[in-house]
Amino acid sequence: MEATATAPTTASRPDAPRILDREPLVLNHRSYSWITNRICGIVENKQPALWWLLFIPSVILTGVTAFCFTYLISTGVGVWGQKQPVAWAWDITNFVFWIGIGHAGTLISAILFLTRQKWRTSVNRAAEAMTLFAVMCAGLFPAFHVGRVWMVWFLAPIPNANAIWQNFKSPLLWDVFAVSTYFTVSVIFWFIGLVPDLATLRDRCKPGLKKMLYGMFALGWRGGNRHWSHYETAYMLLAALSTPLVLSVHSVVSFDFATSVVPGWHTTIFPPYFVAGAIFGGFAMVLTLMIPARKIYGLQDLITAKHIDNMAKIILLTGTIVGYAYSMEFFMAYYSGNKFELQTFQLRALYGPSTWYYYCMFGFNVFAPQVFWFRWARHNLWAVMLVCMCVNAGMWYERYVIIVTTLERHLTPGSWRTFEATWVDNWTFIGTFGLFMMLFLLFLRFLPVIAIGEVKGVLPQSDPHYNPDREKGIQEEDLMDYRDRHVPKAAAEATA
Amino acid sequence: MSTTLKRVHGYLAEFDNPQDLYHAAEKVSEAGYQRWDVHSPFPIHGMDTAMKNPRSKLPWLVFFGGMAGTATAFTLQTLTQTTFWGDIGLGFIERLAETYPTVVQAKPTDFFTIPAFFPVMFELTILFAAFTTLFGLLGLIGLPRLNHPLFASKQFPKFSDDGFFVCIEARDAKFTQEGTKSFLQEIGGKNIELVEDEI
C-alpha cells in the first residue's frame, strides 16, 4: 500500500492537529453597504443628545484656556506658579503629556500597518485624529512658555534682525523641528487616508454646499485601480516614513532633558523610556475615546472585543516597559555612585516634598495595567476604562515627577523651592482637555470616524480568491495540504 | 444655451463582487485593451497583476525628495553655524548668505560639529519625503480635478459604496461601440452603460 499516494483522511487520524478559526475582524458578516451606511450615518444623521452634552462644556473649557492665555499675556508670566529653579514647570509637563498622547495614533496607523496588523483598520482613523488634536494642545504650551509669545517666530529657521540664526545644536530647536514635522506628516498621512472616504461621503450627499466641500477635499477620487496602485504605494511610504518619525519625536523630546547635566535627567535610558511611555499613554487615550464612541454610535461590530483586547495587551506591554525604566533609573542612580543622582531619586520617591506624585505615577502606570494579564479584565469594558483612566492620570504624574520634582531639588540646597500651581496653571491645563474634546467631537460630527475603505478591504469576501462555499471556517480540503506535510511519524508508519 | 454635442468617454460595466471583477480584469487585459480601469471601493489584492499594471514609480520620487531634505538641512545648518563652506573653498556662499559661525556650547565651528545637526537632518528628510509622497501621488494619479466624464453616470457613485466597475475608454485603439459592448457582456458585465462627456 502506498502511503504517499492518497491523502489521509481525518477519520483515520483523530490526533490530527486542529486549526482554529481566526476571529473575524468585522462581526456578524456585515456587507459593504452596511459598513458604509453605519459609518456615514454618524455624519449624516442628527447627533445624539450626549454629543451636545459633551460639546457645550468642551467649548466653554476651550474658552477658559483662551481666557487664561489672554490673562497671561496681558498680565505677565508671574500669574503662573513657576519660579527659579522650577522654570520648566507646569507647561512643559503638559507639553510632554499631550505630545505623548499623540504617539498611539501614529503607532496604530504606521507601525501596525507595516507589521500587517489588519485589526488596525477599525481604529486608525480616530487614533490619527486624536494624534493631531493632542499635538495641537501640546503646541500651545511651549509657544506660551517662551514668555513673549509674539516672539515665537524666533523658533522658525529665519534670521532675526541682527542676522543671528537659531542655534541648531540645541535640543530645544531639534524639538521644534521634530514636533512640527510630526504634526505636518501626521496631517498628510491622515488626509491621504481620508480621501477615499471623503469620496464616499461626497457620493452620498445631495447637491449643495456639503457635497461641494466633501467633493473638493475628495480631490475627484474615482477609486480606479490605476489610482489605488499608486495610492497604496504612497500609503506604505508614509507608514514607512512615520515609523522612524514617531520614534524620533519623543526621543527628541527626551533629549531636552537627557542632554542637560541635571541629575535625574542626564540618563541614556530616556529616549526608549519616553517612547514606550508615550505609546502607553496614547493607547490609554485611544481606548478612553473609542469605548464610549463605539457604544454611542453602535460600532460594536467594527470595533470588537478583539480590538480592545489587543490594545489592552499593548498597554500591558508598554506599561511594563515603563515600569522597567522606572526601576532601572533608580538602580542606575545607586550604581553610578553619583551622590547627586542618588539624592534626586531619594527625594523623588522617599523623602522629597512631592513623593505622592511618585507613588501615583508608579501605581497608575505600573501596577494598574497588570490586571490585563487576565482575560476577564481585557474583556470587561469598565475594567478597561478604569485602567485607562489610571494610565491617563499616571502619565501626567510621570511627566510632573520627571520635570518638577527634579527641578524643585536642584544641586544647591540654597536654591531649593517647591512648585505650587496657580489657578491660571490649573485652568489652562483643564481647558486644553476641552479643546481636545471639542476638536474630537467635531471630527466625529463631520468626518468618517472609521476608515470605510480600509475596513471593507479586510473583509473575507474582499479577497479576489474568496470562495463563499467556505463561509463556515476552514474546510477539510484546506487542511489536506497541511496534513500531508505534517503526518505524525507513528501514523505514517502505521499506514505503511 | 447648452450644447448637445457629446463625446463618448467609454463603456462602464458593473460586476457583482471583487472576485468577478478580478476575473473580468484578467480577461480585459488578455483581450489587449490598454486604456481601461477597474473602479472599486477598496484596493483589491492582486489586481495589479490581473491588470498587468507596472509598479508605481513613486518610491523613486520620494527617495530624491528625502535626499533633498537631508541636503537642505545640512546646508542650512552648516552655513549658519560653521565655517564648513569656506573650508572647502566655497566661501562665497557664506558671503552671499551673509552668515557667520555661531560659537556656542563649546562645540567646534567646523564640519566636525555635525553630530549635533543629525536630528534636524533626519526631521527634514522625513518632512520633504512626506511632501513628495503627497504631491508625487497627486501628480501620478492626475488629481485633484474638478470633474470627470464618469461622474455623469448615474450608477457610478456606487463605486464608493459596494459597486465594482470596469470602464473601457473610447480612446483605446481596440474600442468599438458594438465590439466592446458585446465583449463586456461576454465577460459577465451588468448594467452596461455608454458614458458620454458633454463638450
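This is a predicted model: local features need pLDDT of at least 70, side-chain atom pairs count only at pLDDT 80 or more; totals for chains, interfaces and linings use all residues.
View 1. Strand 1 (residues 6–15) and strand 4 of chain B run antiparallel and are joined by seven bridges; strands (E, at least two residues) and helices (H or I, at least four) are DSSP runs numbered from the N terminus. Residues are numbered from 1 along each chain as its sequence is written, and chains are lettered from A and ligands numbered from 1 in the order in which they are written. Local features need pLDDT of at least 70 and side-chain atom pairs count only at pLDDT 80 or more, while totals for chains, interfaces and linings use all residues.

View 2. Four strands in the order 2-3-1-4 form an open sheet with antiparallel pairing, where two strands pair if DSSP finds at least two bridges between them. Strand 2 and strand 4 (190–198) of chain B are the edge strands, each pairing on one side only. From one strand to the next, the twist averages 25°. Helix 7 (residues 177–186) of chain B lies across strand 1, strand 3 (164–169) and strand 4, and runs at about 10° to strand 1 of chain B; axes are lines fitted to C-alpha atoms, for helices over the stretch in contact, and angles run from 0 to 180 degrees between N-to-C directions.

**View 3. The surroundings of A:Ile315 in the largest nonpolar core.** This core has 147 residues, and A:Ile315 is among those with the most contacts inside it, as are A:Met130, A:Phe283, A:Val286 and A:Val391. A nonpolar core is a set of buried Ala, Val, Leu, Ile, Met, Phe, Trp, Tyr and Cys residues joined through C-beta atoms within 7 Å; buried means that 20 or more other C-beta atoms lie within 10 Å of the residue's own, with C-beta atoms placed from the backbone. Beyond its neighbours within four places in sequence, A:Ile315 has contacts that include A:Phe280, A:Phe283 and A:Pro369, a contact being two C-beta atoms, placed from the backbone, within 7 Å.

**View 4. The contact between chain A and chain B.** Chain A contributes 52 residues and chain B 59. Helix 6 of chain B gives the most to the side of chain B that touches chain A, with 13 residues.

How values were computed:
A residue is buried if 20 or more other C-beta atoms lie within 10 Å of its own, exposed if 12 or fewer, and partly exposed in between; C-beta atoms are placed from the backbone.
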